[in-house]
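Student: I'd like to learn how to read strand pairing and backbone angles in a model like this one. Can you walk me through it?

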Amino acid sequence: MNEGLTRRDRLRRDRSLLIMVAPAVVLLLIFSYAPMVGVITAFQYYDPLIGIWDSDWAGLDQFQQLFADSRFWHALSNTLYLSFVQLILFFPIPIVLAMLLNSVLSERVRNFVQSVVYLPHFFSWVLVITIFQQMLGGAGAFNQWLRSNDLATWDVMTNPDTFALLVTFQGVWKEAGWGIIVFLAALAAINPGLYEAAAADGAGPWRRMWHITLPGLRGVIVLMLVLRLGGALSVGFEQFLIQRDAVGHEAAEVLDTYAFYYGIATTNYSFGAAAGLFKSVISLLLIWGANKLAHSFGEDGLYRK
Amino acid sequence: MKPELNRRSFIGAAAMAPLLAACGGAPQQKQKVGTNTKTGLRAALPSYVPSTSVKADIASVTGSGGAVTEPAFLSYPSGGIATVQGVPGKGGSYTAVTPLWGTVPPANNSFYQAMNKALGATLTMKPADGNNYDTIVTPMAAAKKLPDWIQLPNWWNAKFGTDRLVGTQLADLTPYLAGDKVKKYPNLAAIPTGAWQACVWGDKLYGIPSFSTNFSVPGYITYRRDILEAKGITPDQVKSVEDYMNLGKELTDAKRGVWAFDDVYTYMGFAWDIPLKWKVEGGKLFHKYELPQLLEALDWHYKLAKSGYLHPDAIAGRNADSNARFYAGKVLISGGGAGGWHLADYESGVAADKNYRRGAFDYISHDGKSPGRMYMGEAARIISYLNINLKPEQIEECLAIANYLAAPYGSAEYTLINFGAEGVHHTMKDGVPTATEDGKKFVQASTFPFLASPPLVISNPGADQVTKDYAAWQAKNVNALIKPVFWNMNISMPQQISLLETSQAIDDAIKDCYHGKKTVAEVKDVIDSWKKSGADRLKGWMTENVLNKYGTGQ
């Protein structure tokens, strides 16, 4: 595609695209790349009052402490577990929702449903969890109703055993509606002529979904899956921070809260930086691996050279 | 000098943060560890000249352990006299950062303007969110961009590294205030010596104390007096933790949405004689984590959580709503931090329930056999500091302003600082300064008193019952207050040692235990692993560098 074009020609051709992407690049440079210098602190006994130059070198001591800490491994396995549960239970829901919504003919109904399912995305986690507590908490509406009918109560908000399901449910309630946007866009890109032709050939709704809709969505689904895997170690922070006391810190500890509590909150910044750096390196490997996998399935994935 | 953060500097700061931090430590000062020497401390402390300008309606009572109750006032002194002649300022401009637990008032509002006029200087107040204050100060300090005047509450000293900021970024006030020099500032001289002691590091005076009190307690077990009294329950009936457990049974009515207890661990633990941090027994030092009574106390709290007498939202860790539960009568007994029993509390309570009345139980021992006890906190916990880059004449100007801000209760200055200008921010109704809308917006969010304030008094204009109740409770409990080891001693320790002093893992396990999610045996395992991972190093350091050299300070 680029054969025969000089770099200059390509610059000229893509000028408007490059201008459009420039602000995002600048933002990334300032807020993501430049502060990366700070990872040095993971190899120090960093003391903010002394500064990076003068803090003592720790070599790999912070990492040794990190890997020797059973709580760290617990946080890692908990993160992976929660991520896995969310992948299985959360990931398919926006796809199904998008297909359902797409099949609704009345535009008014579609717009209404779409607005209703979008709305929770704009709520903060504090609010979402407060709503859940008011409804499902030990003194919430559901349990008070059980009590008034002399039935046994069930406090799902403080049960560590079902916490993974609870946070996934909260995640679905808050984010599933927002997640359908990208799939709706992909659905809109499918040529309606294909459906008409298939219907004319006698294909029922299931066959149309299997042979037209899903293949049409495949690229996007794989892309979202790659992104999801890359973020497997980032299952969320606030949601777990807020509910940590409710279910006990063991059930709610994920890598991000671990780095916060054992790094920042206790002013052990270097230790927190080491935990953060570990997480970033693994995430990078995950996203690279997932992308490779996507290529082997013949999809573009996140990027292709 | 001013830590202005505009759009441009923000982007610069984001990108440069690590580099800024890197440029930090030009002259690396050797940290002086340990605590103040007896003679050094004595030389640094200001003389004490108590103020006699107003007479309290309910006088202070001195307890056997050295605590003194706060004087209480039922009526607001009319026609307050000015204690400062002319304006204290000399036209200087200073920026001040203070924590604020509430809504930040707009900049340059009419109250700030009135204050600046009265001060004769421009004080640019930059209150910052109190809940995140600890995370706001550290980056400013790391970038060497502390404002001219800053408030550093002492419970965050370890986090701020206050012991290392003094002398490197914060000014030494000893030459201005030590001994009789303080008499130049009579309102500062009226602040009791114990409060100044909390401002001394390495035998030098650095801080200016606010809200000083000789009745410094972490808190108490508070209850809905209106509701319990109606059931015939009075504090005299509660003499042991067993009595509390029985109350739990009596008061909980889950069907009606009423539970006896909110979280009480923080303040109930003292009944088992759990110290704030350290205890000396038989000449040997013990950290609170390794004391057997900690496990005993946890066992009781674990049972409380499992008994069903603890509100489910408390078990769910929703502490932010605990006042709302209390006002609504959904919980009847709760842990109450000191400083929460006042006019605003009364107003919020009455808004929810017109019969609302707060009470507090007396301090007890867990078995009810020995006398009740509570460990005293430092005589000042809110301490402000001046920037080291200020010139001597600027420091003198700020101290003159501090002297104005520390004017005694009821003085003309006190009225302006706490209620704003008459006619604009408050009006006098039946001798009570009553806030106008502007007063509520601009004045009630307290900022100036965080730079300097007179010793605490109990005063709730318009709600005398609150004043009487709180003063009576203090008087009844003053003998229970005892000084803990290392009381009022500022201890400076190497960073690697201070990291051992608190354990997130143990604090987490304790919380899980009093919420009924972890057994006492599981907490003990976490404590045992802390003991193995350096607790001895911490204890050894404390014994060698503090206990053996300076004693317990009791």
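Predicted model: local features only at pLDDT ≥ 70, side-chain atom pairs only at ≥ 80, totals over all residues.

Student: Which residue is the bridge partner of B:Phe261 in S12(B)?

Tutor: That's B:Ile333. As a general idea, side chains in a regular strand alternate between the two faces of the sheet.

Student: In what order do the 4 strands of the open sheet in chain B come?

Tutor: The order is S9-S12-S8-S13, with mixed pairing. Strands S9 (259–261) and S13 (358–360) of chain B stand at the edges with a single partner strand each, so one side of each lacks a neighbour in the sheet. On average, neighbouring strands here are turned by 30 degrees against each other, ignoring direction.

Student: How do I read phi?

Tutor: Most residues other than glycine have a negative phi. A:Asp150 isn't a glycine, yet its phi is positive, about 55 degrees. Look for A:Asp150 in the loop between helix H8 (141–148) and helix H9 (163–188) of chain A.

Student: Is A:Asp150 buried or exposed?

Tutor: Exposed, because A:Asp150 has 7 other C-beta atoms within 10 Å, and 12 or fewer counts as exposed.

Student: And what about B:Lys144?

Tutor: B:Lys144 also has a positive phi of about 55 degrees without being a glycine. B:Lys144 sits in the loop between helix H4 (133–142) and strand S4 (149–151) of chain B. With 18 C-beta neighbours inside 10 Å, B:Lys144 is partly exposed.

Methods
Residues numbered from 1 in each chain as written. Chains lettered and ligands numbered in written order. Pairing = 2+ DSSP bridges. Helix = DSSP H or I, 4+ residues; strand = E, 2+ residues; numbered from the N terminus. Axes fitted to C-alpha atoms, helices over the stretch in contact; angles between N-to-C directions. Buried ≥ 20, exposed ≤ 12 C-beta atoms within 10 Å, placed from the backbone.
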